[in-house]
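The sequence and the model come first, and the description follows.

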Amino acid sequence: MRIFTVFLILFAALGIAAQSGRVAPGRVSDDTASVGSAADLTVKQMFDEVNGFAKAKFNEFAEKKVRYTEELLARTKLEQRQLAARYAATAEVRQDLAGEDLYYLGMLHWIAENYDGTAASLKKFVALDDIAAERRQTARSIVVVSLAKQRKLSDAETVLSAYSKDTPIKLTERSRIAGELAKAYQVQGDHRRMAPHAEESYKAAKAMLKEAASRGRGLDEILDAGMLVYEAYRDSGDQTKADAALEDMRATAAAEYSPSFYYYAVDQKIKYLIETGRRAEGLEYYRNALLSAGKDFSIKTAQADVVRRLKKREKHYNLLGQQAPELPVAHQWFPGKSRSLADLKGKVVLLDFWATWCGPCFEAFPLLTEWQADFAADGFEVLGVTRYYGNIRNVPADRPSEIEYLKRFRETEKLNYDFVVAEGQTMQML
């Protein structure tokens, strides 16, 4: 049983970019806090309660030995946002808001994910004369991120300019600002403007690693920022800079002694080389990487980890860029008619190898169904590939019964793509 024993880690995972404060006793655990109960609270007290909500809830779960689930985490985050929204609405109508009230109102909107309200309140706060320089800069950084999330990029760049000309500039704030702007420009397909922000985010993330409370989290941030740099140059067609970005990620992973990060960078580089018509160079890079792992990692277990991961991918690398092997003749194909891969030429085909006894397969169904619905018009097609197992729910079954069960199964699960049923393991051995 997985229990909330280390609630602080889970609390940090919520990603609440705000200052912690005292939690009003007895209030946080009340999931149905009403707006009326906020009448006597200052805006800062409202913020302190909201900001401490998740931590207090996880303390409560730990005491009660509540089993952890993603649903529970999501519900806790939702309750926190709802409480923030209620308190923000209460504070918004007050006639005497001034000074720090504007900052904490902005932070309530921020936690509630109301980015219009966040930017409006914090812009008023930043315009005040007598406020601490550090608080002003933090408020500016959150305004930039809020505007970036709304794709108001011209306004975001203006506030960023003011932030960059003032002090102090924190690496954490600079990294997040740059990362959000890079993502926003990526969505717009503006890779020219995306690239410098991605580079800045990557640079700041690497500098932050020395200060990171969690090394794992720091490496994740470097990886995310590094991928933004790579994607900016990949999508703009600058192969030289895209190659350099992946090579720098590999070098960083080696310097930080992270086998998983190292493997990820190498894997991306091999795939990119092959996908851009440099197949021979990509496969040569793969072979060299198997040797380089021994030079970059002195500890045998780290070497072995990288080599093991890469060798598992060798078959995939050899298939990349090659014509797909033809599917063996299916025994059953429903509800559509049996087709060959040649019939599907020009489409992106996802083969989902699954079985009725496979738990993780069931978890993938909703996503596959969503992809089929969203991208079918663009030439995307999912095929659910399985085989006969001679039983239904561990009870022996003949072939007709199993076929009928599979047809009912598809309808019950509301799957919107064809099933391909094979005899034996021919399909799986492709």
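Arg278 has a relative accessible area of 16% and is therefore buried, the cut-off for buried being under 20%. Its position is in a model that is predicted, not experimental. Asp243 is likewise buried, with a relative accessible area of 14%. The side chains of Asp243 and Arg278 meet in a salt bridge, with N to O at 2.7 Å. This pair links distant parts of the chain, 35 residues apart. Asp243 belongs to helix α12 (residues 239–255), while Arg278 is in the loop between α13 (259–275) and α14 (279–296).

**Salt bridges**

The structure holds 25 salt bridges. Three of them are set out below.

| Pair | N to O distance | Relative accessible area |
|---|---|---|
| Asp243 and Arg278 | 2.7 Å | Asp243 14%, Arg278 16% |
| Arg234 and Asp235 | 2.8 Å | Arg234 33%, Asp235 37% |
| Arg308 and Asp305 | 2.8 Å | Arg308 44%, Asp305 19% |

Arg234 counts as partly exposed at 33% relative accessibility, and Asp235 is partly exposed at 37%. In the salt bridge between Arg308 and Asp305, both residues lie in helix α15 (residues 300–312). They are 3 residues apart there, about one turn of the helix. Arg308 is partly exposed at 44%, whereas Asp305 is buried at 19%. A network of salt bridges also links Arg339, Lys347, Glu381 and Asp418.

**Aromatic rings and charges over rings**

A pair of aromatic rings is described by the distance of the centres and the angle of the planes. The structure holds 21 aromatic pairs. One of them is formed by Trp354 and Phe409, with 5.2 Å centre to centre and 20° between the planes. The pair is stacked, because planes under 30 degrees apart count as such. Trp354 lies in the loop between β2 (348–353) and α17 (359–375), and Phe409 lies in helix α18 (residues 399–412), so the pair ties together parts that are 55 residues apart in sequence. Trp354 and Phe409 are buried.

Both rings also belong to a cluster linked by ring pairs. Its members are Phe334, Trp354, Phe362, Phe365, Tyr405, Phe409, Tyr417 and Phe419.

Two arginines sit over tyrosine rings. The charged end of Arg135 is over the ring of Tyr103, 4.1 Å from its centre. Arg399 lies over the face of Tyr388, at 4.0 Å from the ring centre.

**The disulfide**

How many disulfides does a search of the whole structure find? It finds 1, and this disulfide joins Cys358 to Cys361, with the sulfur atoms 2.3 Å apart. The torsion about the S-S bond is about 80°, so the disulfide is right-handed. Cys358 and Cys361 are both buried.

**Backbone geometry**

Most residues other than glycine have a negative phi, and most peptide bonds are trans. The following sites depart from that pattern.

A cis peptide bond joins Thr167 and Pro168, with omega about -5°. Pro168 is in the loop between α8 (153–165) and α9 (171–187). A cis peptide bond also joins Phe334 and Pro335, with omega about 5°. Pro335 is in the loop between β1 (332–334) and β2. Phe334 is also a member of the aromatic cluster.

Arg151 has a positive phi, near 65°. Its place is the loop between α7 (133–149) and α8, and it is partly exposed, with a relative accessible area of 37%. Arg393 has a positive phi of about 55°. Arg393 is in the loop between β4 (391–392) and β5 (395–396). At 70% relative accessibility, Arg393 counts as exposed, since the cut-off for exposed is over 50%.

**The chain as a whole**

The chain has 18 helices and 6 strands. Of its 430 residues, 44% are buried. Among contacts with a separation of 6 or more, 68% are between residues 24 or more positions apart. The accessible surface comes to about 22,700 Å², and 52% of this belongs to carbon and sulfur atoms.

Terms used:
Residues are numbered from 1 along each chain as its sequence is written. Side-chain values use heavy atoms; hydrogens and water are left out. Rings of Phe, Tyr and Trp (its six-membered ring) pair if their centres lie within 6.5 Å; planes under 30 degrees apart count as stacked, over 60 as edge-to-face and the rest as tilted. Helices (H or I, at least four residues) and strands (E, at least two) are DSSP runs, numbered from the N terminus. Buried means under 20% relative accessible area, exposed over 50%, partly exposed in between (1.4 Å probe, protein chains only). A charge sits over a ring if NZ of Lys or CZ of Arg is within 6 Å of the ring centre and within 35 degrees of the ring normal. A disulfide is a pair of cysteine sulfur atoms within 2.5 Å. Contact means heavy atoms within 4.5 Å. Accessible areas come from the Shrake-Rupley method with a 1.4 Å probe; for residues, only the protein chains shown count as cover. A salt bridge is a side-chain nitrogen of Lys or Arg within 4 Å of a carboxyl oxygen of Asp or Glu.
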